[in-house]
Amino acid sequence: MATEAFTVRAESELVHQLDHLADSLDRSRNYLVNQALKEYLEHHAWQIEKISQGIAAAERGELIAHEDVMREMEDLIAGKAQGNL
């Protein structure tokens with residue numbers, strides 16, 4: 001896979017934490033930054049996809065009434081408080 005260099009400015013404390021983690025894991029700073037970027041992009045791509053699906057469902061009229069959602073949440077909370085979940 002081709003790579004491309006770019007520069008990032010970060011707070012000194014973040015750089016020190018990154019270097020400490022890199023040393024602890026016997027990995028390079030570059031490796032950890034690439035891993036972090038991949039995870040960040042995957043996470044946000046997932047969120048955007050789910051939001052897009054929700055908007056599309058709403059546009060199709062596939063909605064749940066607020067009262068029904070609140071009732072279900074209250075039941076879940078009550079069940080959790082009673083140790084049923």
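Ala, Val, Leu, Ile, Met, Phe, Trp, Tyr, Cys and Pro count here as nonpolar, Asp, Glu, Lys and Arg as charged, and the others, Gly among them, as polar. The model shown is predicted, so local features need pLDDT of at least 70 and side-chain atom pairs count only at pLDDT 80 or more, while totals for chains, interfaces and linings use all residues. Residues are numbered from 1 along each chain as its sequence is written, and side-chain values use heavy atoms, with hydrogens and water left out.

View A. A pocket is an open set of points, on a 1 Å grid over the protein atoms alone, where a 1.4 Å probe fits, with protein on both sides within 12 Å along at least five of seven lines; lining residues have an atom within 4 Å of a point. The volume, which is the space filled by probe spheres set on points joined across faces, edges and corners, comes to about 710 Å³ for the largest pocket. Its lining has 20 residues, and Phe6, Asn30, Val33, Asn34 and Leu37 lie nearest the centre. Two or more lining residues come from each of α1 and α2 (29-59), with α2 giving the largest share, 9 residues. By type, the lining splits into 14 nonpolar, 3 polar and 3 charged residues.

View B. Helices are DSSP runs (H or I, at least four residues), numbered from the N terminus. The expected span is 1.5 Å times one less than the number of residues. For the 14 residues of α1 that gives 20 Å, which agrees with the 20 Å between its end C-alpha atoms. Aspartate 26 follows α1 and has a positive phi, near 55°.

View C. With 16 residues, α3 reaches 22 Å from first C-alpha to last, close to the expected 22 Å. Glycine 83 comes after α3, with a positive phi near 80°. pLDDT is the predictor's confidence in each residue, from 0 to 100; the protein averages 94, and 98% of the residues score at least 70. Confidence is lowest in α3 (residues 66-81), at a mean of 94, and highest in α1 (residues 12-25), at 97.

**View D. Arginine 27 over tyrosine 31.** The charged end of arginine 27 lies 4.1 Å from the centre of the tyrosine 31 ring and sits over that ring. This label requires NZ of Lys or CZ of Arg within 6 Å of the ring centre and within 35 degrees of the ring normal.
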